[in-house]
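Dear colleague,

I am handing over the structure we spoke about, and you will find it just below. Please look through it once before reading my notes, which follow after it.

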Amino acid sequence: MFRLSYWVFPIVAGVVWLATLLGLLLYWNIDAHQEHYASMGVSQRIAYISDIGASRLKPLFVAGCVITTVFFDISFGADRWLRHKGRLVPNTTRGEKVLSGLTIVFAVIGTAGLVLLSIFDTAHYPKLHNIFLLLFIAGYVFSAIFICWEYQRLGIRYREHRVLRISFWIKLTFVVVEILLAIAFVACTFTKHYDAGAIFEWIIAFIFSFYVFSFYVDLYPAVHTKNLAQNNLTGKGHVRSTKYPANGSSATTNGGLTLREMEEGGRTGDSSDHVLTATPQQYQQPAAVSSNF
């Protein structure tokens with residue numbers, strides 16, 4: 001069954017970014033007939049993304065960058081919120097929460113870099129444009145490093161969740177590849193090998209779209225926990241921890257009972273044998289989520 005949920009945000013961000021890149025590239029090749037822009041080097045034949053984005057298609061470039069980053073940042077926020085609410089496997093240690101926070105902070109820095117570089121185009125503000133370009137690349141690379149670190153720690157604690165390992169390796173691959181390509185891009189640009197630099201920039205941009213899409217893997221499991229019954233810490237009964245099956249089956253406590261069974265036991269007065277005590281360091285389930293998401 002097709003279900004809409006938080007996974008829509010990275011899909012929208014990725015599609016918009018990919019459409020923006022393809023729109024710029026196809027326009028330059030088909031409509032502009034590979035026009036040589038004033039911002040390009042004398043012997044440069046291949047246009048940078050920013051060269052095309054500084055021309056007639058600047059409104060498209062700015063709009064694409066803004067929409068992409070807004071929905072992408074919402075994806076980061078949704079991931080943190082869903083873990084906090086127990087809809088995804090939770091961050092249970094201070095270190096994991098700090099890493100999650102740093103992921104969001106550097107994503108916002110990358111967002112600022114991308115939006116500002118689209119506004120301060122290379123034709124009219126070349127120095128500012130280059131600064132914001134580096135800010136964009138550095139922001140999202142550091143954000144990816146911190147989320148990899150977070151997922152690595154989560155994967156150790158929740159080994160039954162293959163999705164954490166899959167997401168970790170996707171993002172780690174992105175970090176390694178993008179760092180290598182960014183080094184090559186900067187080296188070519190500053191040594192005035194502009195055609196090679198332009199090729200590396202296009203490759204970096206297209207790979208970034210697949211990094212954005214990878215957050216679908218992280219957010220999709222929340223579909224299966226939309227109606228998950230969750231308990232607050234009240235009087236007698238406490239849920240010590242919850243196992244979040246990747247296949248969307250009923251969540252169980254570490255005592256082997258489903259949350260529904262515990263609730264039914266509470267209604268019939270038989271729940272006393274299954275009361276679990278939570279320690280401050282252990283995760284405790286919040287109240288049921290009634291949102292459509």
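Which residues does UniProt list for "transmembrane region"? Please keep in mind that this is a predicted model. The unreviewed UniProt entry lists residues 7-30, 60-78, 98-119, 131-151, 163-187 and 199-217 under that name. I looked at two of these spans in the model: residues 163-187 are 100% helix and 0% strand, with end C-alpha atoms 36 Å apart, while residues 199-217 are 95% helix and 0% strand, with end C-alpha atoms 29 Å apart.

Several residues of helix 7 are buried, among them Asp-195, Glu-201, Trp-202, Phe-208 and Tyr-211. The cover over the buried residues of helix 7 includes helix 1 (8-31), helix 2 (49-53), helix 3 (58-85), helix 5 (126-157), helix 6 (162-190) and helix 8 (215-219).

The next point concerns a pair of helices. Two packed helices are described by the angle between their axes and the distance between the axes. For helix 3 and helix 4 (residues 94-119), the angle is about 175° and the axes are 9 Å apart. Because angles over 145 degrees count as roughly antiparallel, helix 3 is roughly antiparallel to helix 4. On the helix 3 side, the residues that meet helix 4 include Lys-58, Phe-61, Cys-65, Asp-73 and Arg-80, and on the helix 4 side the contact includes Lys-97, Ser-100, Ile-104, Val-108 and Leu-114. Sorted by class, this contact of helix 3 with helix 4 has 12 nonpolar, five polar and four charged residues.

Most residues other than glycine have a negative phi, and most peptide bonds are trans. His-33, although it is not a glycine, has a positive phi of about 55°, and Gln-34, also a residue other than glycine, has a positive phi near 55°. His-33 is found in the loop between helix 1 and helix 2, and Gln-34 lies in the loop between helix 1 and helix 2 as well. Are these residues buried or exposed? His-33 has a relative accessible area of 65% and is therefore exposed, whereas Gln-34, at 45% relative accessibility, counts as partly exposed.

Note on methods: Residues are numbered from 1 along each chain as its sequence is written. This is a predicted model: local features need pLDDT of at least 70, side-chain atom pairs count only at pLDDT 80 or more; totals for chains, interfaces and linings use all residues. Side-chain values use heavy atoms; hydrogens and water are left out. Buried means under 20% relative accessible area, exposed over 50%, partly exposed in between (1.4 Å probe, protein chains only). Helices (H or I, at least four residues) and strands (E, at least two) are DSSP runs, numbered from the N terminus. Contact means heavy atoms within 4.5 Å. UniProt positions are given in the numbering used here, feature names are shortened, and annotations may be inferred rather than shown by experiment. Axes are lines fitted to C-alpha atoms, for helices over the stretch in contact, and angles run from 0 to 180 degrees between N-to-C directions. Angles under 35 degrees count as roughly parallel, over 145 as roughly antiparallel, 65 to 115 as roughly perpendicular and the rest as oblique. Ala, Val, Leu, Ile, Met, Phe, Trp, Tyr, Cys and Pro count as nonpolar, Asp, Glu, Lys and Arg as charged, and the others, Gly among them, as polar.
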